[in-house]
Amino acid sequence: MSERNVVAKALASAFLAAPWTRAGLIANGAEVVGGRFPWLASLARSTLRFFPRPPHDRLELLAEILATRPALKQACANPTAPVRLLRWLTAEPQMGRAPWPVPALPTQADLAAWLGVTDAQLDWLADGKGLEHRTSPGRWRRYGYTWIPKRSGGQRLLEQPGEELARLQRKVLHCILDRIPPHEAAHGFVKGRGIRGFVEPHTRQAVVVRLDLEDFFLSVRPPRLWGVFRAAGYPDGVAGALVGLCTNRTPGAVVAQARKPTHAQEVESRWLLGRRLESRHLPQGAPTSPALANLAAYRLDVRLSALAGVLGMRYTRYADDLAFSADAARPGSIRRLLRSVRRIVRDEGFTVREDKTRVMSKGHQQWLAGVVVNEHPNLRREDYDRLKAVLHLCRTRGPASQNTGGHPDFRAHLLGRIAWVTYLHPARGARLRALFDRIAWD
């Protein structure tokens, strides 16, 4: 931190501890720097102009603004009269206006006590110094790492938090994030919503458009997450600690373990994946990541919903799947939609996977997230037949012969897939369940 930034933070703390008047700010500032210098009066005027009311929850922001003021720049650059800090006046942080019923945690000490950890433990688990990125395998890593193959090719990194970090993340999820509502267009990872709500608005439509976001969790950057916690009323320091608890920087040695590209077209995507993993991101495997990704995409949902309304279309999102539909395919509207969606997605920090974009007319099979939507939500026939064949082979050759994905609880995995089919098509689900009940489980 530069000398000017240190002075700015000391003055910001002093200002917030003062009566919120020009005289009050100057008086406290003078105690910190040892005199009523002309540049101090200029800083007081700037502060009151930026903040008519004291920003008790925005100490960091106030310090950043003070550090950019010409008056302080000139004072700190004057070699004949250097700015000296004589004391530090501490202002107790306060919660901002909380629009949702979240716990009041005005300080990092309050956050640590609420989580049931010490200040030192919170500092380590929030990884403010980025130690995880440089830590060798062993007990000091906060996450366990496993590369798993994708069905569509490539690999995905599963980042599983340690027991203590996972406990803290679950508390943040249930007591804070679950109380902040996502946009109404979001249906994935939202209590009370699901795949049916995602696809039903797009049934019996003349045209259905599906787009996919690349590396959805990894593309959510810390400033967007910080904004989520700030919107809940948490002061800068607490918001920063919460972001640290919910994000990770993958060690370079783990990134290097990924399968090397086998085709020239994979080189760029593999390079981007590595960059995203080694920057702070939402780890796939943390219980807080799905909810935070939805909340971080709130503005994306707002803008895409408005775009759909202008074009006379419907819009929903299920995690990284974007869906649009219209009851009439107007000339040029699809081209305008795709062009505008790409621009909005890019503006919001995400990337569209062009190879997964689909424009599906009524005369062909229209599907979203594996669900056919031409007439009513239904399972694709090929998916049903594939699952039926797996259940048949489990009965004739044994379940182990079909567990090619290495699921630790293959029985529960199959029951989950059958439940999903039953949710969409009860009769088909009943037939699959009958096949499942004939399997001999050891």
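Me: Why is N28 called buried?

Reply: Buried means under 20% relative accessible area, exposed over 50%, and partly exposed in between, with a 1.4 Å probe and protein chains only. N28 has a relative accessible area of 12%, and therefore counts as buried. The model is a predicted one, in which local features need pLDDT of at least 70 and side-chain atom pairs count only at pLDDT 80 or more, while totals for chains, interfaces and linings use all residues. Residues are numbered from 1 along each chain as its sequence is written, and side-chain values use heavy atoms, with hydrogens and water left out.

Me: What makes A14, A17, A18 and L89 contacts of N28?

Reply: Contact means heavy atoms within 4.5 Å. Leaving aside neighbours within four places in sequence, N28 is in contact with these residues: A14, A17, A18 and L89. N28 itself is found in helix α2 (residues 22–33); helices are DSSP runs of H or I with at least four residues, strands are runs of E with at least two, and both are numbered from the N terminus.

Me: How do you know whether A44 is buried or exposed?

Reply: The relative accessibility of A44 is 0%, so A44 counts as buried. A44 lies in helix α3 (residues 38–50). Leaving aside neighbours within four places in sequence, A44 is in contact with R22, L25 and I26.

Me: Why is W140 called exposed?

Reply: The relative accessible area of W140 is 53%, and W140 is therefore exposed. W140 lies in the loop between α7 (119–126) and β1 (143–149). Together with W124 and L131, W140 makes a nonpolar surface patch of about 320 Å².

Me: What makes a set of residues a nonpolar core?

Reply: A nonpolar core is a set of buried Ala, Val, Leu, Ile, Met, Phe, Trp, Tyr and Cys residues joined through side-chain atoms within 4.5 Å. The largest such core has 73 residues, of which I176, F229, L245 and F324 touch the most other members. Helix α11 (residues 236–246) gives the most to this core, with seven residues. A second, separate core of 33 residues includes V7, W20, W39 and L89.

Me: Which residues are in contact with L245?

Reply: Leaving aside neighbours within four places in sequence, L245 is in contact with L115, L122, L125, A126, Y143, L165, L168 and Q169.

Notes:
Patches are made of residues with over 30% relative accessible area and no salt bridge: like charges are joined within 9 Å, nonpolar side chains (Val, Leu, Ile, Met, Phe, Trp, Tyr) within 5 Å. Accessible areas come from the Shrake-Rupley method with a 1.4 Å probe; for residues, only the protein chains shown count as cover. A salt bridge is a side-chain nitrogen of Lys or Arg within 4 Å of a carboxyl oxygen of Asp or Glu.
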